[in-house]
Amino acid sequence: EIARAMAIPLLYGLVEAGLLGCYCLVSWKLGWTKAPRDEQICVVLTKTYEVAEEDEEEEALKDGEDVEGQKKGCDADSRTITLSITTSTLN
């Protein structure tokens, strides 16, 4: 009876992995990902298609955005959060 009970989560996990794999393949072939749809699957699985930070900055500059100002704003926000966490633990 314990073996049967343990088989249910295993079965659900296998079905989930299969469905997620199929969803990923269909998404890739429909062009919903950054990977080119005409590339071989082995290349797509081993190559990263992440956008580099330099690419984001170049695109932001083309759009006329202030990238450095955005970075400074993020740093200030993270310091504020860290400070509030530190003071709340001290109280």
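In which helix is Tyr 12 found? In this predicted model, local features require pLDDT of at least 70 and side-chain atom pairs count only at pLDDT 80 or more, whereas totals for chains, interfaces and linings use all residues. Residues are numbered from 1 along each chain as its sequence is written, and side-chain values use heavy atoms, with hydrogens and water left out.

Tyr 12 lies in helix α1, which spans residues 2-29. The chain contains 4 helices and 0 strands, where helices (H or I, at least four residues) and strands (E, at least two) are DSSP runs numbered from the N terminus. Along the sequence, the pattern reads α-α-α-α.

Of the 91 residues, 7% are buried, meaning under 20% relative accessible area, while exposed means over 50% and partly exposed lies in between (1.4 Å probe, protein chains only). Tyr 12 is exposed, its relative accessible area being 59%.

The largest pocket was also examined. A pocket is an open set of points on a 1 Å grid over the protein atoms alone, where a 1.4 Å probe fits, with protein on both sides within 12 Å along at least five of seven lines; lining residues have an atom within 4 Å of a point. Cys 24, Leu 25, Trp 28, Thr 33, Ala 35, Ile 41, Val 44, Leu 45 and Tyr 49 line the largest pocket. Helices α1 and α2 (41-46) each contribute at least two residues to this lining.
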